[in-house]
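User: I'm new to reading protein models, and I'd like a close look at one part of this one. Could you walk me through it slowly?

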Amino acid sequence: MKVYVTRRIPEVGMELLKEFDVRVWPGDEPPPREVLLEEVRDVDGLLCLLTDRIDGELFDRAERLRVVSNYAAGYDNVDVEEATRRGILVTNTPGVLTDSTADLTFALLLALARRIPEAEAFMRSGRWRTWSPDLLTGIEVTGSVLGIVGMGRIGEAVARRAAGFSMKILYTSRTRKPGAEQAFQMEFVSLTELLSASDFVTIHVPLTQETTRLIGKAELSLMKRDACIINTSRGAVLDQRALCEALIERRIRGAALDVFEEEPVPMDDPIFTTPGLIIVPHIGSATTKTRQRMAKMAALNLRNFLLGHPVPNPVNPVVLNA
Ligand code: NAP
Ligand code: GLV
Ligand code: GLV
């Protein structure tokens, strides 16, 4: 059976694909669209990254394709409805990246609160004269209010960290989570309430039709003037232009982004010149250990399906039961 892998992934994953005829795109950037469409022509399985758009056009070319294994927890890059219609299984890699992504979220929260990038730049520029009572004073994290939008795996891992910092936690999600609520002393509120009461807002919903631009101009205008927002989910959940405007007009204090509407962000984007913004290049799951676990999980999902074994992380399990 033939398998195409759209980027080199950690060896622990590749080893699990040994029994297949595997081709790997050797580049450091995604395969060009034409190459991807050509390579999938005769494959049974595709192991892809969030940088690859997997849609009806691709499925039209890939006549033998039976499984798309996404090397990510999010799968908004894959047209799952179209895959399901054609009986193609889609899988993802949730869970193994929960802690690393929650850690990055908290690192960004702390960096915003304590003005770390600004303090670094200040010291390196030689402006430091003396210890002083008001030098680079920030927000006290202990006791401040954290609003978590989307109480899934990562949302809950962020709540666990916030509880350790004695933050007051509010959350909103599609469904109420009584267990987590009790464990972390959280309060379930509406999005409106969450936005108007939080000192820090953090987004952990997947990108879907309902969550596209979930946080736009109107929502940002509900936030407190001294509040900060963090996004490590998907760029399109937050209206980036509205965010930059809110920061420029000082209607909110700060923001930290790991994900963007367009990735990589074009160098002429206002993101690079807006004040109060901390930006990192989609590194939520970027620890060596997590990337190895993702490789193993993505390979296992693909391998198990092609060999007829139980699949750990199906996104559209209806295909398995058909
Ligand atoms: P998850 O366990 O599926 O959690 C997502 C949560 O969002 C679910 O609990 C779900 O609600 C909630 N939700 C979905 N639609 C909603 C809506 N319309 N309104 C309110 N809540 C909604 O996923 P996860 O593993 O935590 O990952 C979350 C997302 O993070 C992924 O989809 C991915 O896009 C992103 N991610 C980013 C990185 C990174 O590198 N920055 C790494 C990993 C993941 P209910 O449970 O209440 O139904
Ligand atoms: C990364 O963004 C993921 O969804 O795994
Ligand atoms: C600060 O360094 C202190 O000792 O309070």
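How many bridges join β11 to strand β12, and do they run parallel or antiparallel?

Analyst: Before we zoom in, keep in mind that this is a predicted model. On to your question: there are 3 bridges between β11 and strand β12 (residues 277-279), and the two strands run parallel. If you want a spot to look at, find A255, which stands opposite L277 in β12.

Now look at the strand on the other side of the question, β10. Strand β10 (residues 228-231) is joined to β11 by 4 bridges, and this pair runs parallel too. Here I229 has A255 as its bridge partner in β11. So A255 is a handy landmark, because it turns up both as the partner of I229 and as the residue opposite L277, and like the rest of β11 it is buried under the cut-off of 20% relative accessible area.

How does the chain get from β10 to β11? It passes through helix α11 (residues 240-248), and this β-α-β crossover is right-handed.

Next, the side chains of β11 itself. In a regular strand, side chains alternate between the two faces of the sheet. You can follow that here: G254 and A256 point one way from β11 (residues 254-257), while A255 and L257 point the other way. All four of these residues are buried.

Then there's the stretch that follows. Most peptide bonds are trans. The one from E263 to P264 is cis, though, with omega near -5°. You'll find P264 in the loop between β11 and β12.

While we're here, let's check the cysteines. The structure holds 0 disulfides. C244 is in no disulfide, and the nearest cysteine sulfur, that of C228, is 15 Å away. A disulfide needs the two sulfur atoms within 2.5 Å, so that distance rules this pair out. C244 counts as buried because its relative accessibility is 5%, and buried means under 20%.

Most residues other than glycine have a negative phi. Q185 has a positive one, near 55°, and it is found in the loop between α8 (178-183) and β8 (186-188). Q185 is exposed, since its relative accessible area is 65% and exposed means over 50%.

Technical notes. Residues are numbered from 1 along each chain as its sequence is written. Chains are lettered from A and ligands numbered from 1 in the order in which they are written. This is a predicted model: local features need pLDDT of at least 70, side-chain atom pairs count only at pLDDT 80 or more; totals for chains, interfaces and linings use all residues. Side-chain values use heavy atoms; hydrogens and water are left out. Buried means under 20% relative accessible area, exposed over 50%, partly exposed in between (1.4 Å probe, protein chains only). Two strands pair if DSSP finds at least two bridges between them. A crossover is right-handed if, with the strands pointing away from the viewer, the path from the first strand over the helix to the second runs clockwise.
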